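Please keep the sequence and the structure in view while reading.

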Amino acid sequence: MKDKITFVSEISGLEFPEKDRVWGEAIRMPILNLIKEDYPNFDKSKCIANKELNIYREKYISNFLQSEVGELSELHKNVIKSLSDDTSFVSKVEDEVDNRTFVQVVADKVADFGGSWTFIISFFIFIMIWIASNVYLLMNKGFDPYPFILLNLILSCLAALQAPVIMMSQNRQEEKDRERAKKDYMINLKSELEIRMLDDKLDHLIMHQQQELIEIQKVQIEMMNDILEKIKK
């Protein structure tokens with residue numbers, strides 16, 4: 001009986017049938033790199049058995065799936081870290097320190113009280129009591145008879161003093177609004193940059209995934225062709 005022709009694998013040193021010989025130049029580069037990681041001396045001029053090549057094909061597919069899961073997990077962590085960043089502008093806006101002076105505090109309180117229904121109702125009651133006291137109780141011969149010159153003087157002085165105080169409060173509020181608008185702009189700018197970064201990461205991930213999937217499909221086709229050839233034989 002004629003001896004079968006065999007060859008020796010360069011990586012395992014075992015004998016295999018000649019029909020199972022695969023030269024390094026016929027192996028795809030990603031799989032060839034995997035083989036070189038375990039056997040640095042292996043190159044395109046050497047050969048291995050088809051059974052051994054299938055082991056590295058499966059290893060390549062397994063490494064790809066693991067790397068994809070790892071990249072997705074890392075992307076998820078980056079998104080969470082970005083969203084929960086303690087140095088965000090939002091926290092700075094919410095945690096503003098009250099550094100108003102005493103005069104500014106008084107101006108704000110006067111403006112708040114002067115623009116409330118409490119002030120309007122109280123001042124209306126005061127005017128009614130003033131008029132009733134002079135017209136009815138004192139028979140228009142009291143300290144401020146009709147046409148109530150003293151009352152007009154008090155109202156004029158009150159308006160003259162209240163107006164600049166309210167303007168002081170409004171000016172300070174405008175400065176605060178400008179500062180808040182500036183911080184809102186910074187928040188929107190940061191959000192836009194983060195969205196662009198995430199978009200770039202997703203694009204890179206999708207492109208990388210597509211390239212790897214194409215390579216995996218080619219490897220799977222090679223494995224299927226090997227199986228078909230064995231079935232035909």
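In this predicted model, a polar contact joins the side chain of Ser169 to the side chain of Asp108, at 2.8 Å. Ser169 belongs to helix 6, which covers residues 149-232, while Asp108 is one of the buried residues of helix 4.

**Ser169 and its surroundings**

- Ser169 counts as buried because its relative accessibility is 10%, and buried means under 20%.
- When neighbours within four places in sequence are set aside, Ser169 is in contact with Ala107, Asp108 and Ala111.
- Ala107, Asp108 and Ala111 are among the buried residues of helix 4.

**Helix 4**

- Helix 4 runs over residues 102-114 and has 13 residues. The distance from its first C-alpha to its last is 18 Å, close to the 18 Å expected at 1.5 Å a residue.
- Which residues of helix 4 are buried? They are Ala107, Asp108, Ala111 and Gly114. These residues lie on the same side of helix 4, because they cover an arc of only 135° around the axis.
- Phe102, Lys109 and Asp112 are exposed, and they sit on the face of helix 4 turned away from its buried side.

**Helix 5**

- Helix 5 comprises 21 residues, 117-137. At 1.5 Å a residue it should span 30 Å, and the 28 Å between its end C-alpha atoms agrees with this.
- The buried residues of helix 5 are Phe119, Ile127, Trp130, Ser133 and Asn134. Their arc around the axis is only 130°, so they are on the same side of helix 5.
- The face turned away from the buried side of helix 5 carries exposed residues, namely Trp117, Phe124, Ile129, Tyr136 and Leu137.
- Just after helix 5, Met139 takes a positive phi of about 55°.

**Aromatic rings**

- How many aromatic pairs does the structure hold? There are five aromatic pairs.
- Tyr146 and Phe148 form an edge-to-face pair, because their planes stand at 85° and an angle over 60 degrees counts as edge-to-face. The centres of the two rings are 5.6 Å apart.
- Within this pair, Tyr146 is exposed, with a relative accessible area of 60%, whereas Phe148 is buried, with a relative accessible area of 10%.
- One aromatic cluster is formed by Phe119, Phe123, Phe126 and Trp130. Phe119 and Trp130 are also among the buried residues of helix 5.

**Cysteines**

- The count of disulfides comes to zero, where a disulfide requires two cysteine sulfur atoms within 2.5 Å.
- Is Cys47 buried or exposed? Cys47 is buried, with a relative accessible area of 2%.
- Cys157 is partly exposed, and its relative accessible area is 39%.

**The loop at Ala26**

- Ala26 is located in the loop between strand 3 (21-23) and helix 1 (29-38).
- Ala26 counts as exposed because its relative accessibility is 54%, and exposed means over 50%.
- Ala26 and Lys44 are 18 residues apart along the chain, and 7.7 Å separates their C-alpha atoms.

Key
Residues are numbered from 1 along each chain as its sequence is written. This is a predicted model: local features need pLDDT of at least 70, side-chain atom pairs count only at pLDDT 80 or more; totals for chains, interfaces and linings use all residues. Side-chain values use heavy atoms; hydrogens and water are left out. Buried means under 20% relative accessible area, exposed over 50%, partly exposed in between (1.4 Å probe, protein chains only). Helices (H or I, at least four residues) and strands (E, at least two) are DSSP runs, numbered from the N terminus. The expected span of a helix is 1.5 Å times one less than its number of residues. The arc is that of the directions from the helix axis to the C-beta atoms. Rings of Phe, Tyr and Trp (its six-membered ring) pair if their centres lie within 6.5 Å; planes under 30 degrees apart count as stacked, over 60 as edge-to-face and the rest as tilted. A polar contact is a pair of N or O atoms within 3.5 Å; within protein, one must be able to donate a hydrogen and the other to accept it, and residues adjacent in sequence count only if both atoms are side-chain atoms. Contact means heavy atoms within 4.5 Å.
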